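Trainee: I want to learn how to read an interface between two chains. Where do I begin?

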Protein chains: 2
Amino acid sequence: MGKRTVQIKGHSYDVHIDRNVYDLFSSDYYSLITNADHVGIIADEHVASLHLALLKEALNSCGVQPVIKLVPAGEQCKTLSVYGECHSFFLKEGFTRNSILIAFGGGAVGDLTGFVAATFMRGIRFIQCPTTILSHDSAVGGKTAINMPEGKNMVGSFHQPSAVLFETALFETLPPREVRSGMTELIKHAFISDAAWSEELLSNDRFSSPSIDWLSSELLKGIQVKADIVAEDEFEYGKRKFLNFGHTFGHAVEAVCGFGGLSHGESVMIGMAYSLLLSENFSEINSSITNRFIRFSLSNGYSFAPVRSFKFEDFLQYMKKDKKASFGQLNFVLLKNFGHPFVQAVTEEECENAFYELQKRVEMEE
Amino acid sequence: MGKRTVQIKGHSYDVHIDRNVYDLFSSDYYSLITNADHVGIIADEHVASLHLALLKEALNSCGVQPVIKLVPAGEQCKTLSVYGECHSFFLKEGFTRNSILIAFGGGAVGDLTGFVAATFMRGIRFIQCPTTILSHDSAVGGKTAINMPEGKNMVGSFHQPSAVLFETALFETLPPREVRSGMTELIKHAFISDAAWSEELLSNDRFSSPSIDWLSSELLKGIQVKADIVAEDEFEYGKRKFLNFGHTFGHAVEAVCGFGGLSHGESVMIGMAYSLLLSENFSEINSSITNRFIRFSLSNGYSFAPVRSFKFEDFLQYMKKDKKASFGQLNFVLLKNFGHPFVQAVTEEECENAFYELQKRVEMEE
């Protein structure tokens, strides 16, 4: 339990993970929230039905009456049409450049709200109140986006929140699949930064059913990794690309299954296995490391079904649209070893071979 | 004829006004344009039918085959739906973060293209090739936007172009009304920066039928004023607000008449008369200055018809939605005197009185 500070040129903000964290509206964030002429909440309708009262009460006790815009749960809210509806809604409510938005929900609502805030009258402030474990990642770092029929997160901008408030009480009601999905980015943060920490996670028996105290301190570690990278490279010219470890193939899995099929985290888990496999061609990563990771994933309930159900070409068409692709070239974040990521151009043929190899390895470990 | 440099923290770019300015693609901008993996042009369909060949030839002679996206002429292109179409179009064409866009048309296409570029995969580069006099203003400074049913420029972001190339040969085919509309922002730049220059313009007999040489050097002066302000205050926390002189009422005029009724420049001309009138209550501006400006406007063919045809309440509802409004308070840029702008909070009552006074003054001068 505690906080981490994200430092970005000219702007810094705190990420808090705690019980009763919304009490901070009455203390640390009292002036931020009461100096705004309007406060709006964009809330995932499912999460809102369970927990919105908690957030509203905290705001009411500062004398703030927020205006609520409910949006469809999950990735369904990240469309151009919902984006336009949000703008119209807040314009009709009289919001100005001195208004503030709050994202209440998982990563999808955070991405949407961030992009609305980034572009409402050319930019207003916003606060992230993530409600899932997975969103410990997307809520930090200022990437905002919506999806297009042609691909995920294709339209968006960089816009840093004023604060990130993570209520740990909400973890208790998360279904096991959400927990599993959320742990993926934590593994990623470990893999790209720290060999010992990676080893700790891979040998943890309670990985997919963590205690809240352990989880909170682990998430803070993950946020620190991300904050350090983002502080150096806000706009992803260089090392911020490392945060995409597992995401090139992962996003393709997510897209091929249809948004809402496998979750983002579950898809990225497959993507990390794929990246480890590709790494074998270029680094010290060897088959026993990759195989151990696949075993670890399977034993924690992650599924590799899409690798069997779809053809390589299905994934390839999405990978080619990846934002890191350039001049028709596929670029992957790979590992020299745990803690040592690098970017590598990979040919279509190498990608295809790795795909068939992944099918074999999964079959072997299942 | 010449260029001005806009300096913004960490980024600087040149604005060129010249004959055969697209030849610069083969020299100054050769590496910018040939290092991009795709080049796209978003073009006003009307302007494209007249002049696109000029731009395409210049690009072809660098070995670049641009992809063209035609959009409706004028403000009709600044909708959420055209914005979405542009993104889908360039995604289907395989554009990446290493691609570049070119805006070809008036201010509307520039605003749209800038916003598409600002948000395509979270931001790619773009070049402004403005084709109207008015767009000498909007092409510089990095404000990008689309309109919402609730108001003009309500959704957008700040995104600086890589270059602005202004072909003066295109001025020759501009209809008189376009010329008139374009001169408005020039007057504004004079009024907020320089008393002697303001006097020069107000006493110029050829104001609405300028020579190209005179016009080019005047536009460069206007761009210098804007560049200096933007360099100090990119995000409009302070003195950049001065550039909105005449725009609070001007935008309301434009909205009340319906987009496409009076042009932006014609509407802002009325807005400047209104702001001078409001200034009389707070500064050294007196009725003879305001009346002279109204006379000057009328004699140069500007219309004040909307001030007679619509009620104060029609304008007020739009002014309240102005992006500079805050806590229900209307804020206007006024003049202490020519060259000395300031921001003033104005009550609804003062606004209403000024409106009826404007009706009287116009009637008097007509």
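Mentor: We go from the model to the contact between its chains.

Mentor: This is a predicted model, where local features need pLDDT of at least 70 and side-chain atom pairs count only at pLDDT 80 or more, while totals for chains, interfaces and linings use all residues. Residues are numbered from 1 along each chain as its sequence is written, chains are lettered from A and ligands numbered from 1 in the order in which they are written, and side-chain values use heavy atoms, with hydrogens and water left out.

Trainee: How many residues does the contact take from chain B and from chain A?

Mentor: Contact means heavy atoms within 4.5 Å. Chain B gives 38 residues and chain A gives 38 residues.

Trainee: What area do chain B and chain A bury between them?

Mentor: Interface size is often given as the accessible area lost when the parts come together. The probe is 1.4 Å, and the loss is summed over both parts. Here chain B and chain A bury about 3100 Å², with 61% of it on carbon and sulfur atoms. In chain B, Arg97(B), Arg122(B) and Lys323(B) lose the most area to chain A, together 24% of what that side buries.

Trainee: How many salt bridges cross the interface of chain B and chain A?

Mentor: A salt bridge puts a side-chain nitrogen of Lys or Arg within 4 Å of a carboxyl oxygen of Asp or Glu. The rule finds 4 across the interface of chain B and chain A. In a salt bridge, the side chains of Glu150(B) and Lys92(A) meet at 3.3 Å, N to O.

How values were computed
Buried area = accessible area lost by both parts, 1.4 Å probe.
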